[in-house]
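Q: I have a model open and would like to talk it through before I set anything up. Could you go over it with me?

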Amino acid sequence: SRLCDRYGCPVVLISVDEDGVGKGSGRSIEAYSMYEELCKCKELMTKFGGHPMAAGLSLAGEEMIEPFRRALNDNCTLTEED
């Protein structure tokens, strides 16, 4: 949440454990529903949940981070004004 507050934009932070599983946490701003945007790329995650302002997620492996990042950015509905 501190990164979201500092930069004024949605943030997803992912760490990879010793088994290669990616686990992440997201925080958002009013103009961006974190949960709705995660639903648009649900096939890339092994599980996820949350609400408009925050979410948690898991990725099968580190190799899924880049496709996940790309999908979130490609689907982004935010404007410069947001």
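A: What follows is a walk through this predicted model, from the overall fold to single residues.

Q: How much of the protein chain counts as buried, and what does the accessible surface come to?
A: Of the 82 residues, 29% count as buried, while the accessible surface comes to about 5400 Å², with 48% of that belonging to carbon and sulfur atoms.

Q: Which residues have the most contacts inside the largest nonpolar core?
A: That core has 15 residues, and those with the most contacts inside it are Leu38, Cys41, Met45, Leu57, Phe68 and Leu72. Two or more residues each come from helix 2 (34-39), strand 4 (54-59) and helix 3 (65-75). As background, nonpolar side chains in soluble globular proteins tend to be buried together.

Q: Take Leu38 then, buried or exposed?
A: Leu38, which lies in helix 2, counts as buried because its relative accessibility is 0%.

Q: What does Leu38 touch?
A: Leaving out residues up to four places away in sequence, Leu38 touches Met45, Phe48, Ala55, Leu57, Phe68 and Leu72. Met45, with its neighbours within four places set aside, is in contact with Leu38, Leu57, Ser58, Leu59 and Phe68.

Q: Switching to the strands, which way does strand 2 pair with strand 1 and with strand 4?
A: Strand 2 pairs with strand 1 (residues 11-16) in the antiparallel sense over six bridges, and the pairing of strand 2 with strand 4 is likewise antiparallel over six bridges.

Q: What about the hairpin of strand 1 and strand 2?
A: The hairpin has five residues between the strands, and Gly20 takes a positive phi near 85° there.

Q: Which residues make up the covered face of strand 2?
A: The covered face of strand 2 (residues 22-27) consists of Gly22, Gly24 and Gly26, whereas Lys23, Ser25 and Arg27 form the uncovered one.

Q: Ser28 is next in my list; where is it found, and why is it classed as buried?
A: Ser28 is found in the loop between strand 2 and helix 2, and it is classed as buried because its relative accessible area is 7%, against a limit of under 20%. A polar atom of the Ser28 side chain lies 2.6 Å from the backbone oxygen of Tyr32. Residues up to four places away aside, Ser28 touches Cys4, Pro10, Met34, Pro52 and Met53.

Q: Last one, why is Asn73 only partly exposed?
A: Asn73, found in helix 3, has a relative accessible area of 47%, so it is classed as partly exposed. The C-alpha atoms of Asn73 and Glu37 are separated by 9.8 Å, although these residues are 36 residues apart along the chain.

Key. Residues are numbered from 1 along each chain as its sequence is written. This is a predicted model: local features need pLDDT of at least 70, side-chain atom pairs count only at pLDDT 80 or more; totals for chains, interfaces and linings use all residues. Side-chain values use heavy atoms; hydrogens and water are left out. A nonpolar core is a set of buried Ala, Val, Leu, Ile, Met, Phe, Trp, Tyr and Cys residues joined through side-chain atoms within 4.5 Å. Buried means under 20% relative accessible area, exposed over 50%, partly exposed in between (1.4 Å probe, protein chains only). Helices (H or I, at least four residues) and strands (E, at least two) are DSSP runs, numbered from the N terminus. Contact means heavy atoms within 4.5 Å. Two strands pair if DSSP finds at least two bridges between them. A polar contact is a pair of N or O atoms within 3.5 Å; within protein, one must be able to donate a hydrogen and the other to accept it, and residues adjacent in sequence count only if both atoms are side-chain atoms. Accessible areas come from the Shrake-Rupley method with a 1.4 Å probe; for residues, only the protein chains shown count as cover.
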